Amino acid sequence: MSSKQNTSEIPRDKIYLWMNAIGLVLTALPENYWRVLNDKILDTLKSNVLAEAAVPSTNFKPFQAFNFKSSQQVYGETYCSYVLALVHAVWYHASIGQLNIIPQFVKEHVKPVVCQEKQFIFLCHLVGPFLQRFNTERTKCLMELTIELYEMLANIDKHCQYLEHMDPIADLLYHIKYMFVGDSVKKDIEKIIERLRPALQVRLRYIAYQGKDEAKTPTDQ
């Protein structure tokens, strides 16, 4: 009898235990063993599901597709959600020194790839759970990562004619500002916000807010 076991043979109610075990093992090994996940992240970002231009009529719902827990319960998980869940399991067990490479990885490898809204939302799901840890242990990394998020937002704004999820994206950026970075990166991001389409500028107007006369209301657009 073959001793081989593939993912289809892992009991569905045990998948979290397996992922947790993988996270523990990989983070205990030298860096080259677990950094292969970076390649998986890039492959996912370049996949047709995320890299193709979105249209308003599409059935792809990123906030549902990227939620591994809810999709796995109804047998609706995707490759994207598996990658997210596995990366989270590994990063959760990583030391702050191991996580320290994330801003550089995002800047040098992820940013050149991200040009669609779905890709950007995937990245936000990827790094979002670790913002608090960066804020506590590596504030500089958090500020660098925040600037990269804004630069990628400007990139998708330039490439995408239609943006469906501007409100939740703005919610995340406000959360980062008021919970973590405050005005520490204001000079960097306000220059980026000025280049965005009016609809995004309106939503982000209080992030680069200077004074009452400078804040436009939605009716001004």
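Predicted model: local features only at pLDDT ≥ 70, side-chain atom pairs only at ≥ 80, totals over all residues.
1. Residues are numbered from 1 along each chain as its sequence is written, and side-chain values use heavy atoms, with hydrogens and water left out.

2. Helix 1 (residues 15-28) contains Val25; helices here are DSSP runs of H or I with at least four residues, numbered from the N terminus. The axes of helix 1 and helix 7 (residues 79-93) come within 8 Å and cross at roughly 50 degrees, where axes are lines fitted to C-alpha atoms over the stretch in contact and angles run from 0 to 180 degrees between N-to-C directions. The two helices are therefore oblique to each other, given that angles under 35 degrees count as roughly parallel, over 145 as roughly antiparallel, 65 to 115 as roughly perpendicular and the rest as oblique. Among the residues making this contact are Met19 and Gly23 of helix 1 and Ala85 and Ala89 of helix 7, contact meaning heavy atoms within 4.5 Å.

3. Helix 3 (residues 36-46) and helix 9 (residues 102-110) have axes that come within 12 Å and cross at roughly 45 degrees, and this pair is therefore oblique as well. Their contact is formed by Asn38, Ile41, Leu42 and Leu45 from helix 3, together with Phe105, His109 and Val110 from helix 9.

4. Helix 9 also packs with helix 12 (residues 139-159), at an angle of about 25 degrees and with the axes 9 Å apart, and these two helices are therefore roughly parallel. Helix 9 contributes Pro103, Val106, Lys107 and Val110 to the contact, and helix 12 contributes residues including Leu145, Glu148 and Met152.

5. Which loop holds Lys111? Lys111 lies in the loop between helix 9 and helix 10 (117-127). Its C-alpha atom is separated by 8.2 Å from that of Glu151, which is 40 residues apart along the chain. Leaving aside neighbours within four places in sequence, Lys111 is in contact with Val106, Glu148, Glu151, Met152 and Asn155.

6. Finally, Val25, Leu29 and Tyr33 make a nonpolar surface patch of about 290 Å². Such patches are made of residues with over 30% relative accessible area and no salt bridge, with nonpolar side chains (Val, Leu, Ile, Met, Phe, Trp, Tyr) joined within 5 Å and like charges within 9 Å. Accessible areas come from the Shrake-Rupley method with a 1.4 Å probe, and a salt bridge is a side-chain nitrogen of Lys or Arg within 4 Å of a carboxyl oxygen of Asp or Glu.
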